Amino acid sequence: HVHYKFDIPLPEMVEIFREEFSATGTEKECFLSLPHYDQEKKVIFDEMQNVKGLFLKWAFSPNAYAFAGLEHPTDHTDEKAVAEQFLSQAKEYLSAGFDGIKMLDGYPSLVKTWNLPVDSPVYDLFYAFMEKNGYPILMHIANPKECWDIVNAMPHLIEQGRVYDSTYPTKEELTEQVFHVMEKFPNLRLILAHFGFMSHSVAEAERFLSYPNTLFDIAPGGEQLLHMQKSWGKWLPFWEKYADRIFYGTDFYAFPKDEQWEISFRRRPDFLRQFIETDEAHTYVDDSFQGVKLSPSLRDKIYRQNFMRLLGSPKPIDFAFIRKHAKRLQSVKNKLSINADNDLSYILKQLSKME
């Protein structure tokens, strides 16, 4: 569960990732595109994300995977046209070598700004295509429960502007949208990142896994696992029962190489290993927790087996896709990244060495 959102020149980013993967013992990685994301409760569009994601997959082949992100139009009024656009994108991405689709579309501020719930009919052609072909979707839906509670919200959530008032959809509404999707597409291969922010309810988590092809990714935050640890007696049977439906994720980044670099990139992988592999007391950011020390067989499923069963070998890359879109983006003015033009030149230069 790897992102590449920091505005670092691409050649430098590749080297940083190499160092970080080596230091953390990462065997395989999955690069996840975020064309649209939330910044100060505004929607930001980064037109470079999909091209960079597939390039990074190539740079780290044969041990890398990549999920594309749907690029939204500025106006969703013509639902039929938008639906066909999403379907067309998915077909192109999956034939170009992406291994699945990453959806940040369920993030509260995106749902509010676009006025587009994830169970909107606008997505139906896309979901139907993904279900029919067995392609996986990794979806971020909602956020921690505390984001809707200004009194009990963690200080960092408040500082980041991730506490939502009555103008936003509620966590319950966002979660219910996922179940509406599954009712329409019951065989959809849907993964919820961050355990779907369902750590307050075993029943809700079991309801999601009642569909045959659904899975959870345990990437922190941290909030979800910290909540579970406090009532581990009821959560351990869940993890054991659904041992084939839960897999490892880190929300990993190529962090800028400053004095906090090693702390930043190690924080989440170290937290997960401490939680999963030990029964000792630890601290994650400002929170104390006790490791739950899962059995070696359960750890192996979560760390590796479930991911490999889901994705198998990486899909072959269509380099013509990368060239086509890199050349197209060279003509786009006022791109978000200050490094975009240099990154595009670098991508095309690296590809030319293959010819």
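## Stop one: a loop residue

Select Asn187, which lies in the loop between α7 (171–184) and β7 (190–192). Helices (H or I, at least four residues) and strands (E, at least two) are DSSP runs, numbered from the N terminus. This is a predicted model, in which local features need pLDDT of at least 70, side-chain atom pairs count only at pLDDT 80 or more, and totals for chains, interfaces and linings use all residues. Residues are numbered from 1 along each chain as its sequence is written, and side-chain values use heavy atoms, with hydrogens and water left out.

Buried means under 20% relative accessible area, exposed over 50%, and partly exposed in between (1.4 Å probe, protein chains only). Now show what touches Asn187: leaving aside its neighbours within four places in sequence, it is in contact with Glu131, Pro212 and Asn213. Contact means heavy atoms within 4.5 Å. For a sense of scale, draw a distance to Ala66: Asn187 and Ala66 are 121 residues apart in sequence and 22 Å apart in space, C-alpha to C-alpha.

## Stop two: Tyr248

Next, select Tyr248 in the loop between β9 (246–247) and α11. Tyr248 is partly exposed, with a relative accessible area of 25%. Not counting residues up to four places away in sequence, Tyr248 touches Asp217, Ile218, Pro269, Leu272, Ile302 and Tyr303. From Tyr248 to Asp149 is 99 residues in sequence and 28 Å in space, C-alpha to C-alpha.

## Stop three: an enclosed helix

Colour α9 (residues 223–230), the helix where Gln229 is found. Seven of the eight residues of α9 are buried, so this helix is largely enclosed by the rest of the structure. Select them as Glu223, Gln224, Leu225, Leu226, His227, Met228 and Gln229. What do the buried residues of α9 pack against? Their partners are α6 (155–159), α10 (232–241), α11 (261–277), β10 (281–284) and β11 (287–290).

Stay on Gln229 for a moment: it counts as buried at 18% relative accessibility. Beyond its neighbours within four places in sequence, Gln229 is in contact with Phe275, Phe289, Gln290 and Val292.

## Stop four: Ser33

Move to Ser33, in the loop between β1 (29–32) and β2 (36–39). Ser33 counts as buried, at 1% relative accessibility. Its side chain makes a polar contact with the side chain of Asn50, at 2.8 Å. A polar contact is a pair of N or O atoms within 3.5 Å; within protein, one must be able to donate a hydrogen and the other to accept it, and residues adjacent in sequence count only if both atoms are side-chain atoms. Leaving aside neighbours within four places in sequence, the residues in contact with Ser33 are Tyr4, Gln49, Asn50, Phe67, Ala68, Gly69 and Lys102.

## Stop five: helices around α13

Show helix α13 (residues 319–330) with helix α14 (residues 340–352): they pack at an angle of about 150°, with their axes 10 Å apart. That makes α13 roughly antiparallel to α14. Axes are lines fitted to C-alpha atoms, for helices over the stretch in contact, and angles run from 0 to 180 degrees between N-to-C directions. Angles under 35 degrees count as roughly parallel, over 145 as roughly antiparallel, 65 to 115 as roughly perpendicular and the rest as oblique. To see the contact, pick residues including Phe319, Ile322 and Arg323 in α13, and Asp341, Leu344 and Ser345 in α14.

## Last stop: backbone details

Select Ser61 and Pro62, joined by a cis peptide bond with omega about 10°. Pro62 is in the loop between α2 (49–59) and β4 (64–69). Then go to Asn334, in the loop between α13 and α14. Its phi is near 55°, a positive value in a residue other than glycine, and Asn334 counts as exposed at 79% relative accessibility.
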